[in-house]
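Colleague: I've got a model open and I'd like to learn how to read its strands and helices. Can you walk me through it?

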Amino acid sequence: APASKMAALSGGGAPWRRGWLPALQLVRCGSKAVTRHWKAMHFQRQKLMAVTEYLAPRPAVPPRCLAPRKETLEEDNGYVRLLRRQVEEVFRDNRMIAVCQYNSMPGEDVVLMRHYLRKHNIEVKFVLNEIVRPVLSQSKYKNLLPLFVARNILLVSREAKAKEMLRVLKGVPQINLLGACIDDTILSRQGVENFAKLPLLEAAQGQTVGALALLPSQTSSLLQRGSAHLTALLDQHIHRLQAGETGSPAEPAPAQSSGAH
């Protein structure tokens, strides 16, 4: 009987009481003990650290009294000197140097553009700003320096072929004309367009010679008009005198005298 009572109290008789555990269990873990605390350094060690501390040596002369260092210029190699010499020859041997902005375009279009420009004796030069700018800064073309900012190309010719160049560039939108130097005169884009509208040099020279020859011819005709008129009057008077002596009717005045009047 006592054993059955203990089993009933312990829950052995009810199946739902077997193996029951609480839904939430609180477990408390003990904290570890701090075994290391801050301890002041021993005074002998402090002395040793102070004696062995590194002290940088002081300069004999203050830095503000030292002379500034001269910047060493890097010597240009032979290839850079060759490129600069080529740029100098381009500006020296050509009458027209046009500066254009170059945008990316297919290689076939570049070849086609070069072909059309070469028909008019215009060459395309791909240059680097690092090469051109030092050359221009020491020459009479230094006012062209603001144009060399991005990727540029040069259109050069021994003749002033501005009209032909503009005609070709009209079909190539990737090439933008920024300015040009024609016959040692720096022109903007509008200046190049105005220059292209001018007649050829031979035609302008012919017009100038004609205009200059017209004034002396008019002056000569005006100076000779009085003498010619006087000569015609004298000839007519002589004919009248001769007609009066012979008794024949007077002859009509010649065409020259009538035209002089």
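Colleague: How many bridges pair E4 with strand E5, and in which sense, parallel or antiparallel?

Modeller: In general, the strands of a sheet pair through backbone hydrogen bonds, in a parallel or an antiparallel way. Two strands count as paired if DSSP finds at least two bridges between them. Here E4 and E5 (residues 185–188) are joined by four bridges and are antiparallel. Alanine 180, for instance, faces leucine 187 in E5. Helices (H or I, at least four residues) and strands (E, at least two) are DSSP runs, numbered from the N terminus. This is a predicted model, where local features need pLDDT of at least 70 and side-chain atom pairs count only at pLDDT 80 or more, while totals for chains, interfaces and linings use all residues. Residues are numbered from 1 along each chain as its sequence is written, and side-chain values use heavy atoms, with hydrogens and water left out.

Colleague: Which residue in the hairpin of E4 and E5 takes a positive phi?

Modeller: That's aspartate 183, with phi near 55°; the hairpin has two residues between the strands.

Colleague: Is strand E4 mostly covered or open?

Modeller: Buried means under 20% relative accessible area, exposed over 50%, and partly exposed in between (1.4 Å probe, protein chains only). Of the eight residues in E4 (175–182), six are buried, so to speak mostly covered by that definition.

Colleague: What is the strand order of the open sheet?

Modeller: Five strands, in the order E2-E3-E1-E4-E5, with antiparallel pairing. E2 (123–126) and E5 are the edge strands, each pairing on one side only. On E4's other pairing, seven bridges join it to E1 (residues 96–102), again antiparallel, and valine 99 sits opposite glycine 179. E2 and E3 (residues 152–157) share four antiparallel bridges, and lysine 125 has leucine 154 as its bridge partner in E3.

Colleague: Which strands does helix H4 touch?

Modeller: Contact means heavy atoms within 4.5 Å. Angles run from 0 to 180 degrees between N-to-C directions, and axes are lines fitted to C-alpha atoms, for helices over the stretch in contact. H4 (residues 107–119) packs on the sheet and touches E1, E2, E3 and E4, with its direction at about 135° to that of E2. H7 lies across E4 and E5, at about 105° to E5.

Colleague: At what angle do the axes of H6 and H7 cross?

Modeller: Roughly 120°, with the axes of H6 (residues 162–169) and H7 (residues 189–196) coming within 8 Å. Among the residues making the contact are Met165 and Leu166 of H6 and Val192 and Phe195 of H7.
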